[in-house]
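Visitor: I would like to know how the labels used for a protein model are decided. Could you take me through some of them?

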Amino acid sequence: VEYRAARKDGRYRHLWERGTRIADDTGRLVRVIGTTVDITDRKRAQERDRLLSDLSEALRMLEEPDQVMDAALGLLRDHLGADGAGYGDLATDGDGRARLEVRSVRTDETAAEPAIVWDLDSMGDLGTRLLAGESFVVPNVADLPPGAAKEALRARGVGACVVRSLSRDGRLVAMVGVECRKPRDWTDEEIELVALAADRCREAI
C-alpha cells in the first residue's frame, strides 16, 4: 500500500508498505512482519515527468506567446489543483518604478483575466526579493506583514501562493505563480513543479 505521512517538521513523505500476517496452528494472529520504503524521490520524478510531458504535448503546436502561456498556466493550475495561475512581465514606467504586468488563468474564468499591475517598489520585502530574482512561497497571505504586497494579494482573493521568479543575470524579467483562495501548506514537490513549469514556459517563448 502507498500513503503519505507527515514528519515532525510538517513535511510529507511518500511511503510504500508491505506486510505479512503470521498465525499459529489455530489460525490466531501472533505476528505481523513487513517493510516500509520511502518512495518520495520516485513519486517526485513521476510527477515531474508527467507535468513536463503534458506541457510538451500541449505546447507543441502553439506559436503565439499568449497561447503558450495560457496553455501552460492552465496545465499547471489543474495539475496542482490550484484556483489560478499567473504570469507577469517586468516593466518600468517613465518615473523609473518597477512594475509587474500580471495576467492569470483561473478555474472560474473562461479566458485569461485582463492584466493587473503590481508596483514592486511599494511591495516591501516581497517586491525587493522579486526584483533580486528570488522566488517565494506564501502558505497564508493573512500571515504576511501589513503592506502593499498583502493588500494586492488580498484584493485578488488570494489566500496562498507560490511565485517563481524568472531572472537574467540575477535580475527579475518575469514571474510565474499559482494561487489558492484558501491557505495551503505547499509541499516541496509542488514548489518544484512550479519551478519546472516556469522554466519550461521561458524556453517555449
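Visitor: Which residues does His14 touch, not counting residues up to four places away in sequence?

Guide: This is a predicted model, and in it His14 touches Tyr3, Arg4, Val37, Asp38, Ile39, Thr40, Lys43 and Glu189. His14 itself is found in strand β2, residues 12–23.

Visitor: What makes the pairing of the side chains of His14 and Glu189 a polar contact?

Guide: A polar contact needs a pair of N or O atoms within 3.5 Å, one able to donate a hydrogen and the other to accept it. The side chains of His14 and Glu189 make such a contact at 3.3 Å.

Visitor: Why is His14 called buried?

Guide: Buried means under 20% relative accessible area. His14 has 17% relative accessibility, so His14 counts as buried.

Visitor: How far is the C-alpha atom of His14 from that of Arg168?

Guide: These two atoms are separated by 35 Å, and the residues are 154 apart along the chain.

Visitor: Why is Cys161 in no disulfide?

Guide: A disulfide is a covalent bond between the sulfur atoms of two cysteines. The rule here asks for sulfur atoms within 2.5 Å. The count by this rule comes to zero disulfides. For Cys161, the nearest cysteine sulfur is that of Cys180, 9.4 Å away.

Visitor: How do you know whether Cys161 and Cys180 are buried or exposed?

Guide: The cut-off for buried is under 20% relative accessible area. Cys161 has 4%, so Cys161 is buried. Cys180 has 7%, and therefore counts as buried too.

Visitor: How many cavities of 30 Å³ or more are there?

Guide: The count comes to two. Rolling a probe the size of a water molecule over the atoms shows where empty space is left. The largest cavity holds about 140 Å³ of space.

Visitor: What makes a residue part of the lining of the largest cavity, and which lie nearest its centre?

Guide: A lining residue has an atom within 4 Å of a cavity point. The largest cavity has 15 of them, and Gly86, Val102, Trp118, Met175 and Glu179 lie nearest its centre. By class, the lining has 10 nonpolar, three polar and two charged residues.

Visitor: Which strands supply at least two residues each of that lining?

Guide: They are β4 (84–92), β5 (98–106), β6 (116–119), β8 (160–168) and β9 (171–180). Strand β9 gives the most, with four residues.

How values were computed
Residues are numbered from 1 along each chain as its sequence is written. This is a predicted model: local features need pLDDT of at least 70, side-chain atom pairs count only at pLDDT 80 or more; totals for chains, interfaces and linings use all residues. Side-chain values use heavy atoms; hydrogens and water are left out. Buried means under 20% relative accessible area, exposed over 50%, partly exposed in between (1.4 Å probe, protein chains only). On a 1 Å grid over the protein atoms alone, a cavity is a set of points where a 1.4 Å probe fits but cannot get out, and a pocket is an open set with protein on both sides within 12 Å along at least five of seven lines; lining residues have an atom within 4 Å of a point. Grid points are joined across faces, edges and corners, and a volume is the space filled by probe spheres set on the points. Ala, Val, Leu, Ile, Met, Phe, Trp, Tyr, Cys and Pro count as nonpolar, Asp, Glu, Lys and Arg as charged, and the others, Gly among them, as polar. Contact means heavy atoms within 4.5 Å.
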